[in-house]
Amino acid sequence: MRIRIVDAFTDRPFAGNPAGVLLLDAFPEDDWLQNVALEVNHAETAFAHRLPGSAEADWALRWFTPATEVAMCGHATLATAHVLHTTGTHTGPVRFATRSGVLIATPADDGSITLDFPTAPLTAVEVPDGVAEALGAEPLTAFDTGPSVGDLVVELADEKTVRGLTPDHKALAAYSTRGLIATARAEDPARGYDFVSRCFFPNVGIDEDPVTGSAHTALAPYWSERLGRPDLTGLQASPRSGLVRTGLRGERTLLTGRAITVIDGELHA
């Protein structure tokens, strides 16, 4: 069967967040899906199959890290929509049936794709004891993102602090279901982004995720309130880096980005 590696939230190869994408006739056993994700060894591998015309969605979609299945993944959804549209397998908006409900991906004439995801509910919490030591920086604020995202969001002093983090990944695992999102206001918005972030997810086998769509369902409401605008651009300042345009629409958040296929091959297992 065909397997593709797609770099998401970028318009150039070897940047953004890579995801494996497999289009199937049906979902095989979970062990097989997990073994393929481990073999691919990227942050996520997406598996999708077409649904009958009577279904509420067009395709069923699941996401696996090398260690576990997850309830939500933005970059692998973007990657899957990119494969469907660039191969002519699906035209127009595509509805994915997922563990997080029906998620819609809409292509634009400029080649970008917009994802319609649920907005993460943010709850202010006290900065947990030990987070500053594990992260290597003192948080200004902390927020819980709810069960769907499962992260702790912390704002740091500035962009330079976020970029310079060298956290203790093992120690960070104690503070949330998935991991921790560190963020700060952009030093210079003229560079084309309003805020920066980095994402550390040791509990799903990912020390640092290159570009995380699901994290931006929490970052969008946080920074939209702080900056007073519903439409923003976030830079995830990982070594690979990537841009996510966000649009806060109440209980839904729009995530817009580009993707590029870098490997198109065959899986023989």
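On a 1 Å grid over the protein atoms alone, a cavity is a set of points where a 1.4 Å probe fits but cannot get out, while a pocket is an open set with protein on both sides within 12 Å along at least five of seven lines, and lining residues have an atom within 4 Å of a point. Grid points are joined across faces, edges and corners, and a volume is the space filled by probe spheres set on the points. By this rule there is 1 cavity of 30 Å³ or more.

Before you select anything, note that this is a predicted model, in which local features need pLDDT of at least 70 and side-chain atom pairs count only at pLDDT 80 or more, whereas totals for chains, interfaces and linings use all residues. Residues are numbered from 1 along each chain as its sequence is written, and side-chain values use heavy atoms, with hydrogens and water left out.

**Stop 1: the cavity.** Select Glu 44, Cys 73, Arg 178, Asp 209 and Thr 212, which lie nearest the centre of the largest cavity among its 14 lining residues. The space here is about 70 Å³. Helix α2 and strand β14 (206–209) each supply at least two residues of this lining; helices (H or I, at least four residues) and strands (E, at least two) are DSSP runs, numbered from the N terminus.

**Stop 2: the largest pocket.** Now select Phe 9, Thr 10, Asp 11, Gly 242 and Leu 243, which lie nearest the centre of a pocket lined by 13 residues, with a volume of about 250 Å³. Strand β16 gives the most to this lining, with 3 residues. By class the lining has 4 nonpolar, 5 polar and 4 charged residues, where Ala, Val, Leu, Ile, Met, Phe, Trp, Tyr, Cys and Pro count as nonpolar, Asp, Glu, Lys and Arg as charged, and the others, Gly among them, as polar.

Stay on Phe 9, in the loop between β1 (2–8) and β2 (17–24), and check its phi, which is near 60 degrees, a positive value in a residue other than glycine. Phe 9 counts as buried because its relative accessibility is 2%, buried meaning under 20% relative accessible area, exposed over 50%, and partly exposed in between (1.4 Å probe, protein chains only).

**Stop 3: the largest nonpolar core.** A nonpolar core is a set of buried Ala, Val, Leu, Ile, Met, Phe, Trp, Tyr and Cys residues joined through side-chain atoms within 4.5 Å. Of the 47 residues in the largest one, those that touch the most other members include Trp 63, Phe 96 and Leu 115. Helix α2 (residues 74–86) gives the largest share of this core, 6 residues.

**Stop 4: Arg 198.** Finish in strand β13 (residues 195–201), where Arg 198 is placed. Arg 198 counts as buried because its relative accessibility is 7%. Polar atoms of its side chain lie 3.1 Å from the backbone oxygen of Arg 163 and 3.0 Å from the backbone oxygen of Leu 165. Beyond residues up to four places away in sequence, Arg 198 also touches, among others, Glu 208, Gln 236 and Ser 238, contact meaning heavy atoms within 4.5 Å.

Key: A polar contact is a pair of N or O atoms within 3.5 Å; within protein, one must be able to donate a hydrogen and the other to accept it, and residues adjacent in sequence count only if both atoms are side-chain atoms.
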